[in-house]
Amino acid sequence: MKQLNSIVEGVGSVVQLLFRSASYAGSLPRQWARFIEQCYQIGYTTLPIVAILSFFIGTVLALEAGYAMEGFGAKEFIGSLVGLSMARELGPMMTSVLLAGRVGSAIAAELASMKVYQEIDALTTMNIPAAKILVLPRLAAVLVMMPVLIVIANIVGWFGGSVVARYVSTVGISPESYFAALRHYTKFKDVINGMEKAEVFGFVVVLVCCDIGLNTKGGPREIGAAVTRAVVVSLILILVLDYFVTKILM
Amino acid sequence: MDTQMESSCSKTRNPFTGAEANAVSVKVDHVCKSFSGVEVLKDISFEVIPGEIFVLMGPSGSGKSVLLRDIVGLDVPTSGTVTIDGQDPSLEATRDRVRVALVFQDGALFNSLSVYDNLALYPREHRSGDEDSISQKVMHALKILSVEDAAYKFPSELSGGMKKRVSIARALVMEPQLLLYDEPTSELDPVMSATISEIIATLKNEYSVTSIVVTHDRALAQTISNRVGIIMGGELITLGTPAELFATKDPRLVDFLNPKIDIKNPRFKKLESTKPS
Amino acid sequence: MNSTQQTARVGLFFLLGVALVWVTFQTLSDGKIFEERSHTLIAGFGDLKQLKTGDEVRLAGVKVGTVKTTRLAGRRAEAVLQVDPKIPIASDATASIVMSGLIGGNYIAIDMGTPGAPPLADGAEIKTLESPDLNTLMSDIGGLGKQLQESLGSFSKTLNGTGKDGGGIIQKLDKLVTENSARVDATMANLQEITSKVNRGEGTLGKLVNDPKLHDELLATVEEIKATATQAKEFVANAQTLMDQVKSGQGPLGTLVYDQKAADDIKASIANIRSVSDKLAKGQGTLGKLINDDSLYNSAQVTIKKVDRTLDGLSDSGPITAVGIVVNALF
């Protein structure tokens, strides 16, 4: 009962934060510098890890697909499997998981420490809403950066699959036939579909991490707890939302 | 009601632009505050009239900072009310109308921003003037507190005393009508403490800024305050002019205001003797 | 890091993203970002099977468009096709739903139509042809195999006979040739006799030689006999071709297998030939009057030789070919 209550309370708090931030949307042009900084943090600095992870997801997908499909002589379809799985599911999902781990935790830590060290209070007395200068630029940045991360993740993942297809002897199909299958079965709308998912995930992750950070109470010890909570809640939300968003977008 | 009337005749002038605004009054009415059953503030009532310097003194942990947070609207009292010019300070509408600045005990500077940006944040966000006039204001405020050399440093590179001064400078840039200080002179050397006292007095005399100062600094209380309230154990035990207060015979206050260092008969020995063995 | 550098990096990063989205789009969607001006064609089917939006439309195997949408219109299903307006689709072209593989999707196949047919206008309806889908096809193939077996059984029965109705076509042909060879011999003997009579100046030959009208009539008669023989030869040749076609899998197998008419025709033709040669042997008709004309005799001999040869050919190749057909068709 207590847990349920805290969940409902959390949802309420997040929704409130969303509306408060959205109400300041008009101030975004004046917060351009902050927006760019958040774009840098969310997009640019996250790129290397996204690229590395996507590459290996692509290779593993191709490897597993090669193993499974060899059984009924459908190795030519490895490209389509890797292409579709990357674009529709694994690209958006894993990028969002990384975002939760890398950006979400940083956001939660930063806002939690600002709360603990009274910086948020100082903002309040200055009549500068945290939702406006701390949350809004991050939400806008994640919306802009997520598609970029996703398209890079997709392409790197596809490329990873082709490397395995070419150089691993148990798979052994030519990159030409790999990409031909990929192109034939992966449509641009699948990529768009994945981006839509990623936008939802990224937005929710950032929003939830901001909310958890801003609601930290107590001393410095709570900063760590807030980060843990933010990441756990983000990961759960990504997977739960994944089902529903996929269902809706179908 | 008389505070309201007084507020209309007393004006604050913006220390930098000279623009005038009404000085504000603060009314603390039967405020109680408890954290998970523990009473921190017990039925505190007082009024701060516009343009006065009100000093709150008391031992550490007596609830002064909590009271300050209630006044500035960061927390809400468990019972009782706090009003600034008759309005609830925790509402955003009140903050839109009345500029209230709080100098936090440990500065509460924005660690991700340089000192300059810490000060410039408020005028930038509230669009008071272009970047040139903001720069002028910021550098002026930093100069007053002689921390202009630290303008492009980050808070993490500053000493505790410098942080405090930057924090006061940040409050000045806000051009407040009501200024609250939480231990403004702690961690400062005597000269800087004196400077802070002078700044508070100047703001009061020339610009009629209402100030509430939580401090342990006897000199500050004695020289510049209009009235002093002393809180002990969450209760406001006395309220009066500094002259009255320092002339009191109340043994609790005498020991608090003029503690004697008695090496032969130390306090901690007395405390030990009261402990059950 | 100063903020200009940061802005530059974010800008660069964003542009990279946009460029990659563009590349992905170009690669996966053949660069159709704006709705291209395109023709719409309506293809009505009884059943669209697994056809879905986005499937390809191919003209003679070349992709010319996609299925824009599928919908129900009254008692039929319609596929709205979006095709490249630069490619004219003949108005008598037919569209059918084709599977591109066992686990692949379907596509709409459009044939070329006849050359010179006017192209279909935008929004026009294209002729369609229902094609069986995989499941129907599989069950049909099963039934077809059984029917084929039955048909071939009856075909070989017709050719070889069951014995109780006097033998099949092959035996009959054999018998015909064998029986007639005696009669032809007799005819030859008769002709020889007649010739010797002519040599001796007997009979009405003098009259016959001097009358050109009668001569012409006789010539025409001989021509008729010749033509009959040629027709018989042609017929046999046709039969041979038919069998070859059946053997090589060409032609409407079912029709051939079921049609008794061919066999009947063969029978009838052979009966005709028999009656002609019978008449010849008996000296009936105008042939008896020919006896003094050497060229006529020679022509007759040549004709009869041809008939003989043709019939021989038929009897030689017949049974072997028939067995070959049956064997080949079954496997």
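1. In this predicted model, the contact between chains A and B draws on 14 residues of chain B and eleven residues of chain A. On the side of chain B that touches chain A, α3 (92-97), β7 (100-103) and α4 (115-125) of chain B each contribute at least two residues. That side of chain B consists of eleven nonpolar residues and three charged ones, with no polar residues.

2. Chain B has an open sheet of six strands, ordered β7-β8-β9-β5-β10-β11, and its pairing is mixed. β7 and β11 (235-240) of chain B are at the edges and have a single partner strand each, so one side of each lacks a neighbour in the sheet. From one strand to the next, the twist averages 15°.

3. Within that sheet, β8 (residues 178-182) and β9 (residues 210-214) of chain B are paired in the parallel sense through five bridges.

4. In chain C, seven strands close into a barrel, in the order β1-β4-β3-β2-β6-β5-β7, with mixed pairing. Neighbouring strands there are turned against each other by 40° on average, direction ignored.

5. Which strand of chain C is joined to β2 (residues 56-59) by three bridges? The partner is β6 (residues 106-110) of chain C, and the two run parallel. C:Arg58 has C:Ala109 as its bridge partner in β6(C).

Definitions and conventions
Residues are numbered from 1 along each chain as its sequence is written. Chains are lettered from A and ligands numbered from 1 in the order in which they are written. This is a predicted model: local features need pLDDT of at least 70, side-chain atom pairs count only at pLDDT 80 or more; totals for chains, interfaces and linings use all residues. Two residues are in contact if their C-beta atoms, placed from the backbone, lie within 7 Å. Helices (H or I, at least four residues) and strands (E, at least two) are DSSP runs, numbered from the N terminus. Ala, Val, Leu, Ile, Met, Phe, Trp, Tyr, Cys and Pro count as nonpolar, Asp, Glu, Lys and Arg as charged, and the others, Gly among them, as polar. Two strands pair if DSSP finds at least two bridges between them. Axes are lines fitted to C-alpha atoms, for helices over the stretch in contact, and angles run from 0 to 180 degrees between N-to-C directions.
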